[in-house]
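Thanks for coming. I have one structure to go through today, so please look at the screen.

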Amino acid sequence: VPNVFAFKPATPAYTKYNTALFKSLQDFILQVLSGTRTIDDLKTFQSDWTVNGGEEVRAELVAYADSLK
């Protein structure tokens, strides 16, 4: 299965937010696995991810994928 994002050029939001968003995701997963958070906290995580740059990154990735069509 081709991965259209594998060699994508870095976009401004991706460059700005990727490190923090990835760490946030890793922390959430580890907290769920360790039992300090539950999967019920997923909505809160999604909301935090969105307002902390996730929506900007997602929009750029969608625009990039659309440009390949």
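Accessible areas here come from the Shrake-Rupley method with a 1.4 Å probe, and for residues only the protein chains shown count as cover.

Some ground rules. This is a predicted model, in which local features need pLDDT of at least 70 and side-chain atom pairs count only at pLDDT 80 or more, while totals for chains, interfaces and linings use all residues. Residues are numbered from 1 along each chain as its sequence is written, and side-chain values use heavy atoms, with hydrogens and water left out.

Now the overall layout. The protein has 2 helices and 0 strands; helices (H or I, at least four residues) and strands (E, at least two) are DSSP runs, numbered from the N terminus. The C-alpha atoms fill a box of roughly 40 × 30 × 20 Å along the principal axes. The radius of gyration is 14 Å, whereas a compact globule of 69 residues would have one near 11 Å. That radius is taken over C-alpha atoms, and the globule rule is 2.2 Å times the number of residues to the power 0.38. Of the contacts with a separation of 6 or more, 62% are between residues 24 or more positions apart, a contact being heavy atoms within 4.5 Å.

On burial: 16% of the 69 residues count as buried. Buried means under 20% relative accessible area, exposed means over 50%, and partly exposed is in between (1.4 Å probe, protein chains only).

Next, the aromatics. The structure holds 1 aromatic pair. Phe-28 and Phe-45 make up that pair, stacked at 4.8 Å centre to centre with 15° between the planes. Phe-28 sits in helix H1 (residues 12–34) and Phe-45 in helix H2 (residues 42–67), 17 residues apart, and the pair links distant parts of the chain. Rings of Phe, Tyr and Trp (its six-membered ring) pair if their centres lie within 6.5 Å; planes under 30 degrees apart count as stacked, over 60 as edge-to-face and the rest as tilted. Both Phe-28 and Phe-45 are buried.

What about nonpolar residues on the surface? Phe-22, Leu-25, Ile-29, Leu-30 and Leu-33 form a nonpolar patch there, with about 510 Å² of accessible area together. Patches are made of residues with over 30% relative accessible area and no salt bridge; like charges are joined within 9 Å, nonpolar side chains (Val, Leu, Ile, Met, Phe, Trp, Tyr) within 5 Å. Leu-30, in helix H1, counts as exposed because its relative accessible area is 54%.

Last, the charges. A salt bridge is a side-chain nitrogen of Lys or Arg within 4 Å of a carboxyl oxygen of Asp or Glu, and the count by that rule is 4. One of them joins Arg-37 and Asp-41, at 3.6 Å from N to O. Asp-41 is in the loop between H1 and H2. Arg-37 is partly exposed, at 23% relative accessibility, and so is Asp-41, at 24%. Another joins Glu-55 and Arg-58, with the closest N and O atoms 2.7 Å apart. Those two residues both lie in helix H2, 3 residues apart, about one turn of the helix. Asp-66 and Lys-69 also meet in a salt bridge, at 3.4 Å. Which of those two side chains is partly exposed, and which is exposed? Asp-66 is partly exposed at 42%, and Lys-69 is exposed at 82%.
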